Amino acid sequence: MSEIILSVHDKKLLFQYAQNAPNIEVCALLFGKGNKVKHIFLTDNIEKSPVHFTISSEQLIEGYKIAEDKKMDVIGIFHSHPHNQAYPSNTDFKFMLLDKEYVWIIYSGIDKKFMAWTIEDKPETRIGEDIYEVQIDWSENNLSNVSCAETSIKGILQQHKNIYGQVLGMESK
């Protein structure tokens, strides 16, 4: 995939999600068809780490079920690097090798920049090689839906009512 399409609204949402947790990597699954993101599934980083993220098995299963129910595919993974650039780390690279069909969007808390990456699907890919930048098209017309993992939805919505309430169609109070 040479390009991934998200809305400007998605960019604001992911930016705010990362800004509201400036000392840990935040993460999300991106659902859609082809290269167009149509739904963002916000997840918890169970490590609560500034340099690693892990999505729980329960949240991964929940996310894949939501994607299936919506007749979409998981097409990407989003996470932040709160204290680093938006380039894949060695850990990111190792996980990219497991899921070569996904685009990895990384947000840098240092320079407030989003970058997207994919890895070439070939048998002998090495760390630091065969990673390619993917262009991000921040479309004005592609409005995605948002959901949160059930284990985190109450806390996230309480903290970010204005942002998520608007996206999820809830009233902000």
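Predicted model: local features only at pLDDT ≥ 70, side-chain atom pairs only at ≥ 80, totals over all residues.
Me: Okay, which residues of H2 are buried?

Reply: In H2, the buried ones are Gln 59, Glu 62, Gly 63, Ile 66 and Ala 67. They sit on the same side of H2, because the arc they cover around the axis is only 135°.

Me: Why would residues spaced like that point the same way?

Reply: An α-helix has 3.6 residues a turn, so residues three or four places apart point the same way. In this model, the other side of H2 carries the exposed residues Ser 57, Glu 58, Ile 61, Lys 65, Glu 68 and Asp 69.

Me: Let's move to the core. Which residues touch the most other members of the largest nonpolar core?

Reply: That core has 22 residues, and Ile 4, Ile 40, Phe 78 and Ile 105 touch the most other members. Helix H1 (8–19) and strand E4 (73–81) are among the elements that each supply at least two residues. H1 gives the largest share, 4 residues.

Me: What is Phe 78 in contact with?

Reply: Beyond its neighbours within four places in sequence, its contacts include Leu 14, Tyr 17, Ile 105, Tyr 107 and Phe 114. There's also a second, separate core of 20 residues, with Val 74, Ile 77, Tyr 102 and Met 115 among them.

Key. Residues numbered from 1 in each chain as written. Heavy atoms only, no water. Buried < 20%, exposed > 50% of the residue type's maximum accessible area, 1.4 Å probe, protein only. Arc of directions from axis to C-beta. Core = buried A, V, L, I, M, F, W, Y, C linked by side-chain atoms within 4.5 Å. Contact = heavy atoms within 4.5 Å.
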